[in-house]
Amino acid sequence: MSAVERRRELVEATVRLMVREGVPAVTTRAVVAEAGMTLGTFHYCFASKRELLREVTAALVDREARASLAAVEPGGGVRETVAGALEAFLAVVRERPREQQALLELTQYALRTEGEEDLAVLQYDTYRRAAATVVSSVARACGVAWTVPEPVVARTVVGMLDGLTVALLVDGDEAAAREQVAVLAGCLAGLTRPAPVDAS
């Protein structure tokens, strides 16, 4: 097994552990036991538990971002394209609700644990980078430009998705989630204008 494969196995083992027992249960010993590996292997792959948790976050967010990007197709209207990307994200939440709970728990764990606060900062930096990729993709696909800086749009999207995710996990109200998506898509569409034509 290559180092890359071992890292992936350790990430997957950590996700299973977080989902089953919660973030505080994630220790290096618990992770290697879950993965069927040794502590030596862990330290060969990761410098620390913090590095592992950063990669766990990146892996889970990457799945969400890929789903949203796959829903962005050229030629559509902004409102419909944004709604499709948001719905694709929520489909991941529906399919893997416990993973979303684990990410929410990771944020609170980091904020409440002295010395680990930067984990939450890194987590949200990952969210915003992923959102920025989708935001840029929407603009290109729809032939529009954002009327506010893309980082601001990305940060706004992350805030929206936080609310959508928690609401869906709490009440499971699919109809309400679709209504929210329609409203949010309209709000975001209102932040665009036709992209300037390249005179060259």
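Which residues touch the most other members of the largest nonpolar core? Select Leu10 and Leu90: of the 61 residues in that core, these two touch the most other members. A nonpolar core here is a set of buried Ala, Val, Leu, Ile, Met, Phe, Trp, Tyr and Cys residues joined through side-chain atoms within 4.5 Å. Buried means under 20% relative accessible area, with exposed over 50% and partly exposed in between, using a 1.4 Å probe and protein chains only.

Some ground rules before going on. You're looking at a predicted model, where local features need pLDDT of at least 70 and side-chain atom pairs count only at pLDDT 80 or more, while totals for chains, interfaces and linings use all residues. Residues are numbered from 1 along each chain as its sequence is written, and side-chain values use heavy atoms, with hydrogens and water left out.

**Zoom out: the whole chain**

Show the cartoon. The protein chain has nine helices and two strands, in the order α-α-α-α-α-α-α-β-α-α-β along the sequence. Helices (H or I, at least four residues) and strands (E, at least two) are DSSP runs, numbered from the N terminus. The C-alpha trace spans about 60 × 45 × 30 Å along its principal axes. Of the 200 residues in the chain, 42% are buried. Take the contacts with a separation of 6 or more: 67% of them join residues 24 or more positions apart. A contact means heavy atoms within 4.5 Å.

Now colour helix α7 (residues 117-142), which gives the core its largest share, twelve residues. Then click on Leu90 again; beyond its neighbours within four places in sequence, Leu90 is in contact with Leu164, Leu168, Ala177 and Val181. As general background, nonpolar side chains tend to be buried together in soluble globular proteins.

**Stop: α1 against α4**

Select helix α1 (residues 3-21) along with α4; they pack at an angle of about 85°, with axes 10 Å apart. That angle makes α1 roughly perpendicular to α4. From α1, show Arg7, Leu10, Val11, Thr14, Val15 and Met18, and from α4 show Glu51, Leu52, Leu53, Glu55, Val56, Ala59 and Leu60, as these make the contact. By class there are nine nonpolar, one polar and three charged residues.

For the bookkeeping, axes are lines fitted to C-alpha atoms, for helices over the stretch in contact, and angles run from 0 to 180 degrees between N-to-C directions. Under 35 degrees counts as roughly parallel, over 145 as roughly antiparallel, 65 to 115 as roughly perpendicular and the rest as oblique. As for classes, Ala, Val, Leu, Ile, Met, Phe, Trp, Tyr, Cys and Pro are nonpolar, Asp, Glu, Lys and Arg are charged, and the others, Gly among them, are polar.

**Stop: α4 against α5**

The near helix is turned clockwise from the far one by less than a right angle in a right-handed crossing, and anticlockwise in a left-handed one. Arg63, Glu64, Ala67 and Ser68 of α4 meet Ala85, Ala88, Phe89 and Val92 of α5. They divide into five nonpolar, one polar and two charged.

**Stop: α6 against α8**

Next, take α6 (residues 97-112) and α8, packed at about 125° with axes 11 Å apart, which makes α6 oblique to α8. Their crossing is left-handed. Show Pro97, Gln100, Gln101 and Leu104 in α6, which meet Thr165, Val166 and Leu169 in α8. This contact has four nonpolar, three polar and no charged residues.

Val157 counts as buried, at 10% relative accessibility. Setting aside neighbours within four places in sequence, Val157 contacts Ala131, Val135 and Leu188.

Move to Ala139 in helix α7, which counts as buried at 7% relative accessibility. Excluding neighbours within four places, Ala139 is in contact with Val144, Trp146 and Glu150.

Last, go to the loop between α6 and α7 and find Glu116. Is Glu116 buried or exposed? At 17% relative accessibility, Glu116 counts as buried. Its contacts, leaving out neighbours within four places in sequence, are Arg50, Tyr109 and Ala110.
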